[in-house]
Amino acid sequence: MVQCKGKRLAKQHGLKKVIDKSLNLLMQPKIRHKIATEIREIKSRVMEVHERRRRYEVNLGVYKPVSVDPRLFTQFTEVKQLVGINEARDELIHKIMTEENEALLKQGKIVSIVGFGGLGKTTLANAVYKKITAQFDCCAFVSVSQSPDLKKLYKGLLHDLGKNINEETLDERRLIELLREFLQDKRYLVVVDDVWDIPVWKRIRCALPDHDVGYTIIITTRISDVAEEAGGAYPLQPLSLSNSRKLLYGRVFGIENRESNEGIEKCPNKELAEVSDKILHKCAGVPLAIITMASLLVCKARNKMEWYEVYKSIGTGLENNLDVKNMRKILAFSYYQLPCHLRTCLLYLSMFPEDFYIEKYGLIRMWVGEDFIHCDKQGKSLFELGEGYFNELINRSMIQPIHSSDDGEIVGCRVHDMVLDLIHSLSIDENFVTILNDMDQTTPPNTVRRLSLQNAKESHRMAQATWSFSLQHARNGTTSYWSA
């Protein structure tokens with residue numbers, strides 16, 4: 001009896017082993033499949049990191065921080081006040097201030113500086129503004145951009161003009177009333193920079209009263225129809241060859257401007273005179289193109305062969321065509337000549353709206369947070385390296401420095417409209433930043449890595465909430481809200 005019971009237990013035990021073994025065999029493919037799936041996911045992540053590194057070309061090599069090129073301090077003064085600007089400034093001031101009789105002088109004047117991007121419209125308007133402000137009771141200088149926030153613009157006007165307002169809830173109509181009341185008996189000067197369309201200009205114009213006390217309104221625009229609508233069109237001309245040479249040689253060779261301009265327009269290196277003239281012909285007197293090319297050439301050896309390589313590489317340039325596409329060819333060439341790490345940092349600036357003041361230290365912290373900056377073996381901190389990146393972008397004229405009014409220290413930067421347009425385009429191509437504003441479509445790409453909501457409306461923020469799938473790959477959930 002005991003023996004039979006033992007046999008039954010043995011059979012049951014043997015059967016259990018067979019069942020367990022069979023189940024184990026059945027489970028192994030699932031386990032192997034799960035392991036294989038996890039391995040594929042790990043490989044996919046590694047490949048994604050590798051592809052991102054390749055796409056953004058992050059450089060892990062040693063990078064030595066640099067200071068701002070000391071020649072730039074002279075050069076930025078020269079660009080704004082001296083090279084080719086004096087004649088246009090004085091001509092425009094004569095147009096504004098001179099009349100045959102006192103009655104006409106008391107009437108209002110509107111002057112529209114018109115020309116394509118990079119020609120120096122804002123530079124000229126600023127030079128005139130600084131020269132004649134003392135002749136007015138109050139003055140203001142505001143920028144409009146392509147997608148303006150007019151309430152913010154009106155508040156900016158009131159602030160510059162000296163009218164303090166404490167109420168943040170004022171609507172557009174009330175702000176216009178305040179402006180008209182404040183300016184009604186004052187001789188005022190207002191510069192409205194970068195106007196893109198007629199309806200916006202009309203809304204700004206209605207806030208500036210037309211009276212017989214005497215006022216001057218200067219606008220800058222790329223659009224001829226806007227200039228004609230505003231009146232007093234002043235087509236800005238490119239720099240002469242003589243002034244183009246002064247600008248180029250001053251930047252490349254560090255020649256300081258002096259009262260006597262003798263010799264400045266002659267190339268200090270005779271070997272480079274012919275090729276530099278060829279490069280200038282391609283820039284066609286456009287200051288932004290000349291400054292950009294000069295910043296590239298200053299990094300090259302002073303060798304005719306290297307300069308000819310640059311000349312041959314910039315395509316058709318602007319020699320016979322003042323089209324924006326050709327301007328972008330020069331900027332794009334300068335962009336691709338940047339070291340890899342600087343390209344990534346520059347692309348990041350497409351997160352910010354047009355004409356936006358970008359604070360230096362805040363930007364560097366953003367670069368650090370995005371892992372664009374990597375420690376070297378020299379013991380430099382990430383922040384020190386980031387400051388070197390910032391200074392190098394200034395040296396290469398890809399960003400425009402903003403100085404403190406107290407001690408002249410560089411505290412921030414702005415990006416020129418043409419450079420911003422280029423990096424916007426490159427960011428879209430690389431899916432580096434997705435930008436949503438009044439000018440762009442609301443449909444995001446399949447994968448959103450960084451999202452910038454500019455002049456964000458409530459509908460845009462609601463739309464963002466529905467993009468959960470697209471935003472799941474955003475780097476650290478990077479979403480920025482800006483009001484231009």
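What you have here is a predicted model, where local features need pLDDT of at least 70, side-chain atom pairs count only at pLDDT 80 or more, and totals for chains, interfaces and linings use all residues. Residues are numbered from 1 along each chain as its sequence is written, and side-chain values use heavy atoms, leaving out hydrogens and water.

The chain exposes about 25,200 Å², with carbon and sulfur atoms supplying 51% of that; the areas come from the Shrake-Rupley method with a 1.4 Å probe. The secondary structure comes to 20 helices and 11 strands, taken as DSSP runs (H or I, at least four residues, for helices; E, at least two, for strands) and numbered from the N terminus.

Now for a sheet. Five of the strands form an open, parallel one in the order E2-E3-E4-E1-E5; two strands pair if DSSP finds at least two bridges between them. E2 and E5 stand at the edges with a single partner strand each, so one side of each has no neighbour in the sheet.

| Strand | Residues |
|---|---|
| E2 | 138–143 |
| E5 | 233–235 |

The twist averages 15° from one strand to the next. E2 pairs with E3 (residues 188–195) over 6 bridges, in the parallel sense, and Cys139 stands opposite Leu189 in E3.

Conventions:
Axes are lines fitted to C-alpha atoms, for helices over the stretch in contact, and angles run from 0 to 180 degrees between N-to-C directions.
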